[in-house]
Structures are given as structure tokens and as C-alpha cells.
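These are my notebook entries on a structure I went through element by element. I set down what I looked up, in the order in which I looked.

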Amino acid sequence: MLKNKLIGTGVALITPFKTDGSVDFEALKKVVNHVVVGGVDYVAALGTTSETSTLSQTERDAVVRTIVQEVDGRVPIIVGVGGNNTLECVEILETANFSGISGVLSVVPYYNKPTQEGLFQHFSSLANASPVPIILYNIPSRCGVNMTADTTLHLANQHFNVIAIKEASGDMGQVKDIIQRKSEDFLVISGDDATALQMVEMGGSGVISVLGNALPVQVSTMVRTALNGNFTWAKKELAEIEHLIPLLFAEGNPAGIKTMANMLGLCENELRLPLVKCSDSLQSQIQTAFEPFTKR
């Protein structure tokens, strides 16, 4: 079952670009192979870190097909299908090619600021239309609205194919509430590298990581160690990499992780407007902090 395969570390994949702004599919293959060989449990495409909002539909389709081809069945692939137009999301779910895709990651509708009932009906419509399991994605800092524990649990209880939530609210009280009241087989996944161990210790299932694009071995080993109950050792592993996490987001995601990926020779350090690469000051900080990891 997919649920069992989402316990551990997923990586929110970046989308590499060439210096002319086009998608760099060869670099994308390098990133995918880097994280899969690095031991991650699954990958997530077309999320925030993928700069999906700046990709055309043709590019999105090509990115997904490239990832499916390069993964070649080695790990499950989760694809982002979400937005603030419910009918459009339903149409995508009903018509898209889901060959090689294990599940959908669907973000809380942004900008519209729906009520909790609106959120419930939105995700119910998606659940009824989706040919693959759905992972909810709650990230109030980007969406302008928080999906409460009650709404999350209501969706999980009403729809068998709503199997997990990527929780990035930063509200550990809310996360604890979901974990304590959920069914045994509903997964709660950290949406933030910084809270991954804390959430696993509370009963969470792992993380969908940004840092894992660059350091898949370190992140997946840390999470696996925690899931095995050795939190003392997992926290030691976290201590070796946690100074990198704030640098990832200091000037917006994925500017930080693309700097690191570029240092590893995985891709160009290019983003699409309105996002821009890190300032010289931040790049200098990242280079100093990350340099030791390029020699391992």
C-alpha cells in the first residue's frame, strides 16, 4: 500500500533551469538520480520547491514524465495537483496521465480564503475525482488560511483515499491534536525540515524535505534513525545539518537549495521571476556553511 511507502523521507524536487530560462531536463534527471541513490523513500514533484506556478502546463507535463522515466519505479512519485479553482483541479484529476504516479499532493486553496466548510467541500470534490490517493498539504504562511485539525480529520474519516497530510502550519499543538485523534493508518508528514524530528517523536511519519535535494543521505538517515526510535542519535545527526535549514528559506524557497545544488554540480543556480537567486551575502553564507558537504 502507498501509505506504507510514505513513511520516511520524501524530497520536494526542484526544477532546474538553464541560463536562458528554459527547463533543464538533463539536470532534472541528475537531481532525481542523486536523491534516489541517496536513499530517500519517495519524491514529490510540482510543489512549491518546484516553482510550479511559473511552469506552463506543457512544461509541467514534461517535468513529470521526465521524473517518471528517471525514477523508473525505484521509489513512489507524488505529484502536486492543487489550487484555488476547484473545478480546474477536478478536471486535471479526471484527465491527466497518472501512469507511474502513486499519489497527489494537494495544497490548501490560496488567496480565496475559504471557510473550513469550503475547504472540506474542495478536498471532497478532489477526493471523489482522484484516481490515486491524496495527501493534503496545509501551509498557512503561503495560503492565507489554516486547515484545522477538525477539518483534516473529517476529510480523512470521510474519504478512504485521503491518506495523509503534509503539515507545515508550524503549530505543534495542532499537529499533536491530529496525531492523537487520527486513525492508525492516516499519516502526518512534516512539511518542514526543522520540525521533522519533533513530529516523528510525536507520532508523525517523516518529512517531505527541501534539504534532501542536496543531502538525501543525511536527511533520510536522520529520519530513519528517529523512526526506529533512536532519537538521541537522530538528534546528533540533525545537529550536523540544522544550521543549513534557515539558510534555505532566508530569501525564499527554492533560492537557498538551488545554491546548494549548484555547488554539488547538479544544476545551474537559476530561478524564474518573480523569484530570484540569493543575494551575494546569503550565497556567501551558504557557500561557507555547505562547503564541507561538497567534499564528502
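**Salt bridges**

I searched the whole structure for salt bridges, counted where a side-chain nitrogen of Lys or Arg is within 4 Å of a carboxyl oxygen of Asp or Glu, and the search finds eight. The model is a predicted one, in which local features need pLDDT of at least 70, side-chain atom pairs count only at pLDDT 80 or more, and totals for chains, interfaces and linings use all residues. Residues are numbered from 1 along each chain as its sequence is written, and side-chain values use heavy atoms, with hydrogens and water left out.

I began with Glu26, which forms a salt bridge with Lys29, the closest N and O atoms being 3.3 Å apart. Both residues lie in helix α2 (residues 25-37), three residues apart, about one turn of the helix. Helices (H or I, at least four residues) and strands (E, at least two) are DSSP runs, numbered from the N terminus. For accessibility I used these classes: buried is under 20% relative accessible area, exposed is over 50%, and partly exposed is in between (1.4 Å probe, protein chains only). Glu26 counts as exposed at 52%, whereas Lys29 is partly exposed at 22%.

I next took the pair Arg224 and Asp41, whose side chains meet in a salt bridge at 3.7 Å, N to O. Arg224 lies in helix α10 (residues 216-227) and Asp41 in the loop between α2 and β2, so this pair ties together parts that are 183 residues apart in sequence. Arg224 is partly exposed, with a relative accessible area of 35%, and Asp41 is also partly exposed, at 22%.

I then looked up Asp177 and Arg181, which form a salt bridge of 2.8 Å, N to O. They are four residues apart in helix α8 (residues 172-181), a separation of about one helical turn. Asp177 is partly exposed at 27%, and so is Arg181, at 44%. Salt bridges that share partners join Asp150, Asp177 and Arg181 into one network.

The side chain of Asp193 makes one with the side chain of Ser209 at 2.5 Å, and it reaches the backbone nitrogen of Val210 at 3.0 Å. Contact in general means heavy atoms within 4.5 Å. Not counting residues up to four places away in sequence, Asp193 touches several residues, including Val207, Leu211, Val219, Ile245 and Leu248.

Lys166 is found in strand β6 (residues 162-167). Lys166 is likewise buried without a salt bridge, and its nearest side chain of opposite charge is Asp193. A polar contact of 3.5 Å joins the side chains of Lys166 and Tyr137. Among the residues that Lys166 touches, beyond four places in sequence, I noted Leu105, Ile135, Asn138, Ile189 and Ile208.

**The barrel**

I traced eight strands that close into a barrel in the order β1-β2-β3-β4-β5-β6-β7-β8, with parallel pairing. The twist averages 25 degrees from one strand to the next. Two strands pair if DSSP finds at least two bridges between them.

Strand β1 (residues 8-12) and β2 pair in the parallel sense over three bridges, and Tyr42 in β2 is the bridge partner of Gly10. From β2, Tyr42 and Ala44 point one way and Val43 and Ala45 the other way; all are buried. Strand β3 (residues 77-80) and strand β4 (residues 103-107) also pair in the parallel sense over three bridges, and Val79 stands opposite Val104 in β4.

I also looked up what lies across β2 (42-45) and β3: helix α3 (residues 57-71), running at about 175 degrees to β3. Axes are lines fitted to C-alpha atoms, for helices over the stretch in contact, and angles run from 0 to 180 degrees between N-to-C directions.

**Asn269**

My last entry concerns Asn269, in the loop between α13 (255-263) and α14 (280-290). Asn269 counts as buried, at 8% relative accessibility.

Definitions and conventions:
Polar contact = N/O pair within 3.5 Å; in protein donor to acceptor, adjacent residues only side chain to side chain. Lys, Arg positive; Asp, Glu negative; His and termini not counted.
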